[in-house]
Amino acid sequence: MPTLNIELLESKLKENFNENILSSDKDADMFTIVVTKESYHDVVRFLKEDANFNFHYLTTLCGLHYPDSPFPFGLMVQLHNMPENSRIRVKTFTGDNEPTFKTLTDLWPAANWMEREAYDFFGFKFTGHPDLRRILNMDSLEGWPMRKEYPLEDPFRKDKDDKMFGR
Amino acid sequence: MTKNQQVTNPTNTALQEKDYTILNLGPTHPATHGIFQNVMKMEGELIVSAEPTIGYIHRSFEKLAERRPFYQITTITDRMNYCSSPINNMGWHMTVEKLAGIEIPKRVQYLRVIIMELARISDHIICNSVIGVDSGAMTGFLYIFQWREFIYEIYEELCGARLTTNIGRIGGLERDFNEKAWEKIHYFLKEFPAGLKEFENLLVRNRIFMDRTIKCGPISAERALAYSFSGPNLRAAGVDYDVRVMNPYSSYEEFNFTIPIGTNGDTYDRFMVRQREMWESLSIIQQAIDKVNALEDKTSFHGNVPEFFLPPKEEVYNSMEALIWHFKIVMGETTIPKGEVYHCVEGGNGELGFYLVSDGGRTPYRLHFRRPCYIYYQAYPEMVKGSMLSDAILTMSSMNVIAGELDS
């Protein structure tokens, strides 16, 4: 079972980042913190490099979109400390329409394609990313498919109508 | 071409550098085992750089999943790593069960372990025998594939399908193992070790095979961790990380097995780790069967969750309540708690994770798949740099890159 010392982590985060830690959640399936966009890279670097916590493994990174929220675009990063077997989830949100985050590729080369995926599907820019272009979708695609307003079906199809089932 | 024009196609950029040969490996090439392209810059037969292009069979699973009720997402997971789809199915069911807090009877957990370990064996059979084929040893492939075929026959007895299994349900399995299935599993346990031993005799200490694979496409443990490797590829580099042990699911903590690790992280180590894992899987299946037999509960194959588990057809046709549940489940009208959950299982080629955000609606609000081979395939250019073209082919097949999972 996870042995993360949450009290120590919370106090250390408070000490180093103060009001940049917007909230933390102990009851979720893993310890979750929400941080400001400005401090996001520093918090992740701190979690990776601090000897007490040593979250050395980047498990996954993905974009989030909550169109009804004042801060609609978010980024979720999950880190893992293998020797202690503890995991943490870091989230950050922004109200910009063209969200820009600092890249994590300077910390992990694995972040390269994960961030390209977030760019490809959500249109997030990552400053400092070595090769930010579409990865799974075709280069000529317009729009950002995983944003909620993007229609699932081709809106130009004429062979289906929405009288009965809706679109 | 004017200077200002942005050149995005790597083939065009490289053509200006006359010293190198540009080789397109793929998009369809018999040795890539899937549709992905590599533009290789070659000097003679040495690879100077490789530029992978992926996404040829991208089917937008994450977007599709936002439109589908939880039930219908199982079929999406089938099509990710199609060499071991039962593991994906189980992983997805367990994610939803974790979110909804569903209790699963012990017997079902052991039956799931049997299915998942069979799937792991079939996945490793494909990968390892294909390493043999790519290094020129066709025989092992032809002989061991009858066992992969036999595992598919077991799937057929369990769920009726072979490749895209859609096996199990949220809350359990759709039916109990039948007599024929048990018979086949016992036959498999009895006869497969001889087949696997035969395959090992062909390759493991074969001088030609060893010369071809040792020091071919190596990666250090440090780089493998930096590239977020997981599964057999990470273990071949010497890191003993296995989700089954670190975050046990489906009662894996009750089983006794070892995690094989390698030292060099090269093709031979990856081959050997997978080979050893097949033996461990066999022992896990045997232990699971013993545990199932030792249980007092001889019949249960699903938990008591009417809001997720489809009622049997006879009841649907004959009772009102079952019909209502059936309708509600199929239409996705059952209640699911709000929240977010991450669940990972040890898939055929690494940590297969599901990050599920639910807003209480009929479909996931957001579903993100952590696909292991999407993450580790980006290390491929680094691994093949400076090696021969034929080693690049072997490195790719030993990394077990599955196009369906890569492109989601």
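This is a predicted model: local features need pLDDT of at least 70, side-chain atom pairs count only at pLDDT 80 or more; totals for chains, interfaces and linings use all residues.
## Chain A

Chain A has 3 helices and 7 strands. Along the sequence they come in the order α-β-β-α-β-β-β-β-α-β. The C-alpha trace of chain A spans about 60 × 35 × 30 Å along its principal axes. Chain A has 167 residues, and 51% of them count as buried.

How does the chain fold back on itself? Take the contacts in chain A with a separation of 6 or more: residues 24 or more positions apart account for 51% of these.

## Where the chains meet

Chain A and chain B bury about 3,600 Å² between them. Carbon and sulfur atoms carry 55% of that area. Three residues of chain A stand out here: W113(A), L136(A) and L152(A) supply 20% of the area that chain A buries against chain B, more than any other three residues.

How many residues does each chain bring to the contact? Chain A brings 44 residues, and chain B brings 41 residues.

Polar pairing also crosses the boundary. The rule finds 26 residue pairs in polar contact across the interface, with both residues at pLDDT 80 or more. On the side of chain A that touches chain B, the elements giving two or more residues are β3 (57-65), β4 (73-81), β5 (86-94) and α3 (111-122) of chain A. Of the elements, β3(A) gives the most to that side, with 9 residues. By class, that side of chain A has 23 nonpolar, 11 polar and 10 charged residues.

The count of salt bridges between chain A and chain B is 6. One salt bridge joins E340(B) to R89(A).

## The nonpolar core

In soluble globular proteins, nonpolar side chains tend to be buried together. In this model, the largest nonpolar core holds 172 residues. Six members touch the most other members: L47(A), I114(B), F177(B), F188(B), F192(B) and F229(B). Helix α5 (residues 106-134) of chain B gives the most to this core, with 15 residues.

Which residues does F192(B) touch, not counting residues up to four places away in sequence? They are I121(B), I125(B), I144(B), W147(B), Y187(B), M278(B) and L282(B).

## Salt bridges

Side chains of opposite charge can pair when their charged atoms come close. Over all chains, the structure holds 36 salt bridges. The table gives four of them.

| Residue | Partner | Closest N and O atoms |
|---|---|---|
| E340(B) | R89(A) | 2.9 Å |
| R116(A) | D131(A) | 3.6 Å |
| R223(B) | E382(B) | 2.9 Å |
| D242(B) | R235(B) | 3.5 Å |

Start with the salt bridge between R116(A) and D131(A). R116(A) lies in helix α3 of chain A, and D131(A) lies in the segment after β7 (125-127) of chain A, so the pair ties together parts that are 15 residues apart in sequence. Are these two residues buried or partly exposed? R116(A) counts as buried because its relative accessibility is 5%, under the 20% cut-off. D131(A) counts as partly exposed, at 27% relative accessibility.

Next comes the salt bridge between R223(B) and E382(B). R223(B) lies in helix α9 (residues 221-226) of chain B and E382(B) in helix α16 (residues 380-384) of chain B, so this pair ties together parts that are 159 residues apart in sequence. R223(B) is partly exposed, with a relative accessible area of 32%. E382(B) also counts as partly exposed, at 33% relative accessibility.

D242(B) and R235(B) form another salt bridge, and both residues are buried. They belong to a network in which salt bridges that share partners join E117(B), R120(B), R235(B), D242(B), R244(B), E277(B) and E346(B).

## A buried asparagine

N349(B) lies in the loop between β4 (339-347) and β5 (350-358) of chain B.

What does the side chain of N349(B) pair with? A polar contact of 3.4 Å joins it to the side chain of N81(B). A polar atom of the N349(B) side chain also lies 3.1 Å from the backbone oxygen of N400(B).

Notes
Residues are numbered from 1 along each chain as its sequence is written. Chains are lettered from A and ligands numbered from 1 in the order in which they are written. Side-chain values use heavy atoms; hydrogens and water are left out. A nonpolar core is a set of buried Ala, Val, Leu, Ile, Met, Phe, Trp, Tyr and Cys residues joined through side-chain atoms within 4.5 Å. Buried means under 20% relative accessible area, exposed over 50%, partly exposed in between (1.4 Å probe, protein chains only). Helices (H or I, at least four residues) and strands (E, at least two) are DSSP runs, numbered from the N terminus. Contact means heavy atoms within 4.5 Å. Buried area is the accessible area (1.4 Å probe) that two parts lose on being put together, summed over both. A salt bridge is a side-chain nitrogen of Lys or Arg within 4 Å of a carboxyl oxygen of Asp or Glu. A polar contact is a pair of N or O atoms within 3.5 Å; within protein, one must be able to donate a hydrogen and the other to accept it, and residues adjacent in sequence count only if both atoms are side-chain atoms. Ala, Val, Leu, Ile, Met, Phe, Trp, Tyr, Cys and Pro count as nonpolar, Asp, Glu, Lys and Arg as charged, and the others, Gly among them, as polar.
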